[in-house]
Amino acid sequence: MLTAFFYVLSSCYEEHRQIWFETQFKVLVMTYRIVCGLGPGYLKECLLPYKSKCVDINLSSCNDVSYSKTIYPNLLYQKSREVIEYSSEYILMGVLHNLLQGECNPDLRLLSCSIMAPRCEEGKIVKPCRNVCETLRKNCLPAFDAIDMAWPYFLDCDRFFVDEVEGCFDPLAKLRGETEFADDAVSESPTFIRFTHHSFPQMVRELKKVASRCSHIARMYSIGRSFEGKDLFVIEFSTRPGHHELFKPEFKYIANMHGNEVVGKELLTYLAQYLCSEYILGNVRIQTLINNTRIHLLPSMNPDGYELAAEEGAGYNGWTNGRQTAQNLDLNRNFPDLTSEFYRLTRIRGARMDHLPIPPSYWWGKVAPETKAVMKWIKSIPFVLSASLHGGDLVVSYPFDYSVHPLEEKMFSPTPDEKMFRLLSKTYADAHPSISDKSEMRCGGNFVKRGGIINGAEWYSFTGGMADFNYLHTNCFEITLELGCEKFPLAEELYSLWQENREALLKLMEMVHRGIKGIVSDKFGNPIKNARISVKGIRHGVLTADDGDYWRLLPPGTYIVSAQARGYTKVLKKVTLPSKMSRAGRVDFILRPLIGKPPPIVHEHYDPLEHFDPHAQQEPREDGGQSVQPREKPWWWSYFSSLDQHKPLWLLKHQ
């Protein structure tokens, strides 16, 4: 009879799950007490007269959890794997990464698994920790609100989770390669570098060791997550990690944008170890560089693609496997096309040619979370110089990457800063023994007559590139480093690749100190933010940072430089940069307010990058606007169309 009652209980629950949880449970409890003839303390034995045991986890969406055993029924009283797999809760868990476009993933999935496939030890459920649920809910609730979806009832932090004193476990403890390392690993010789390939967890471990060993000059931080939930970790070197300092230029290296191009990822891991160890050992050159520069290294922009490429193994010279993200997006084609707008503006006299806004139509397309994370990062820090590390050839290319005539696939398409870009590219190429090798029979030999450098569009034209975006949307100059014809070389080749690139990597970082620097202020010494620094004859300006400081990369020569800001007079100065000058010249500007005119009212500029919600489904109308017509059901409701019954009404915020 007890078995029959339990079966009826499960059936009723499957038909009226939410009602059962909220209202009927107390009624059923009293009924069972009467039938069983037992007191409240024996309810568990009445409902579950048999002893449960731990079983293997056979749910495909939970095969990567940190434990191996679960138990039935689970915390939702689902009594078998089949019941779970056909439930709306399990379907939701499988599609959340698509609905939220990668945000909070796989965190939400693993947290859901801790409820639907709970951890089992000695025949008992070990519940997940409440603080983990509360933290994730705080971070992820805006993503649910953006698609008008209620927070799932089975992730109720008060109902299904417990405090640490009750013996809980953290289902996210080993997520994203956050591996603990032993104390003795931190105390290893600072000069020791293992020239081998690093998996994502291994790379994170090495970076954490560097940040720990050199905590006085290094900091590790995340700029966002990949589609599959891996952190995009950056390691920073500076005398004040985490802070922009006056007159200290910001430099960045980005690697592994294409997941199967792995040399740059390893080089930046080695570079982080090298900078730390050489600083400690008293290398004057490295100490001077770090003391006067803020350096940011992003070893892997596409960790999801790298994992796919790594399955093939080193030595496999694949050109496509792992190149793209988990969303099948090429990150170097996913940035806004501002180059087309630049070419249009060149025909308009006096038009502003820099810091171009992102067109609203860009957001209607598929924007990778990796792309958005990097764009936010670029806008949050006043970067001056950057390089993206790639593989597949041996050459240095520079903007523009998109041809001035779209139908021409190979056409020289220079920026207004052509001379500076050539100087930057030649600096790296000349310091690289293989790129500077005059043999035409080697890898990259077809670029020998060009000096190992080439204008990107003249090589091959494409839109949506990161280098063009850096130049046209921010102050940052970025070049592209193609570091070899083999995209995923064998481990024994990595040491020689490091030796070839080390000096070039350092020289390019030192180039961030070329040109002029200064501060723009009013007559009282107050810094002026977003003042424009312009150079006569070069239709490309830079803007001052929050502290009023600026950096303007320029090759040797004589220039007329001006500074202007809203509500202030324009100031011009003549500047001469000698050919042998290796440090930026100091050029300050003091602006005076316009006479007889009140200070302008500066309205907050709408920034689509900061305010755009990638989860909202907005469709273009024929008149160019956006549809705001309410729908009877949210757009994501179709994901549950296969459920004839038990549709998740608990996900609807407005029933």
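A residue counts as buried here when its relative accessible area is under 20%. With that cut-off in hand, let us walk through this predicted model. Of the 655 residues in the chain, 54% count as buried. The accessible surface comes to about 30100 Å², and carbon and sulfur atoms hold 52% of that area. The chain contains 19 helices and 20 strands. Among contacts with a separation of 6 or more, 75% are between residues 24 or more positions apart.

In soluble globular proteins, nonpolar side chains tend to be buried together. The largest nonpolar core in this chain has 101 residues, and those with the most contacts inside it are Phe-237, Tyr-253, Val-374, Trp-377, Leu-424 and Tyr-428. Helix H10, spanning residues 263-281, gives this core its largest share, 10 residues. Another core lies apart from it, with 52 residues that include Leu-100, Met-116, Ala-143 and Phe-154. Setting aside residues up to four places away in sequence, Leu-424 touches Leu-385, Phe-477, Ile-479, Leu-508, Met-511 and Leu-553.

Now for the aromatic rings. The whole structure holds 26 aromatic pairs. One of them is formed by Phe-421 and Tyr-471: the ring centres are 5.4 Å apart and the planes meet at 65 degrees, so this pair is edge-to-face, the label for angles over 60 degrees. The two partners are 50 residues apart and link distant parts of the chain, with Phe-421 in helix H15 (residues 418-431) and Tyr-471 in helix H17 (residues 466-473). Both Phe-421 and Tyr-471 are buried. Ring pairs also join these two to Phe-342, Tyr-343, Tyr-398, Phe-400 and Phe-477 in a cluster.

Helix H17 also contains His-473. With a relative accessibility of 11%, His-473 counts as buried. Its side chain makes a polar contact of 3.4 Å with the side chain of Lys-379. Beyond its neighbours within four places in sequence, His-473 is in contact with Leu-338, His-355, Leu-356, Pro-357, Ile-358 and Lys-379.

Which residue does UniProt list for "active site"? The unreviewed entry gives Glu-482, and as a UniProt annotation this may be inferred rather than shown by experiment. Glu-482 is found in strand S12, residues 477-484. Is Glu-482 buried or exposed? Its relative accessibility is 7%, so Glu-482 counts as buried. The side chain of Glu-482 reaches the backbone nitrogen of Gly-391 at 3.5 Å. Gly-391 is also among its contacts, which, leaving aside neighbours within four places in sequence, are His-390, Gly-391, Gly-392, Asp-393, Leu-394, Val-395 and Trp-459.

Most residues other than glycine have a negative phi, and most peptide bonds are trans. A cis peptide bond joins Tyr-72 and Pro-73, with omega about -5 degrees. Pro-73 sits in the loop between strand S2 (69-70) and helix H4 (81-85). Pro-399 and Phe-400 are also joined by a cis peptide bond, with omega about 0 degrees. Phe-400, a member of the aromatic cluster, is in the loop between strand S10 (393-398) and H15.

Asp-148 has a phi of about 60 degrees and lies in the loop between helix H7 (130-146) and helix H8 (183-186). With a relative accessible area of 32%, Asp-148 is partly exposed. For Asn-328, phi is about 65 degrees, and the residue is placed in the loop between H12 and helix H13 (339-345). At 57% relative accessibility, Asn-328 counts as exposed.

Notes: Residues numbered from 1 in each chain as written. Predicted model: local features only at pLDDT ≥ 70, side-chain atom pairs only at ≥ 80, totals over all residues. Heavy atoms only, no water. Helix = DSSP H or I, 4+ residues; strand = E, 2+ residues; numbered from the N terminus. Buried < 20%, exposed > 50% of the residue type's maximum accessible area, 1.4 Å probe, protein only. Contact = heavy atoms within 4.5 Å. Polar contact = N/O pair within 3.5 Å; in protein donor to acceptor, adjacent residues only side chain to side chain. Areas by Shrake-Rupley, 256 points an atom, 1.4 Å probe, with all protein chains shown as cover. Core = buried A, V, L, I, M, F, W, Y, C linked by side-chain atoms within 4.5 Å. Phe/Tyr/Trp six-rings, centres within 6.5 Å; stacked < 30°, edge-to-face > 60°.
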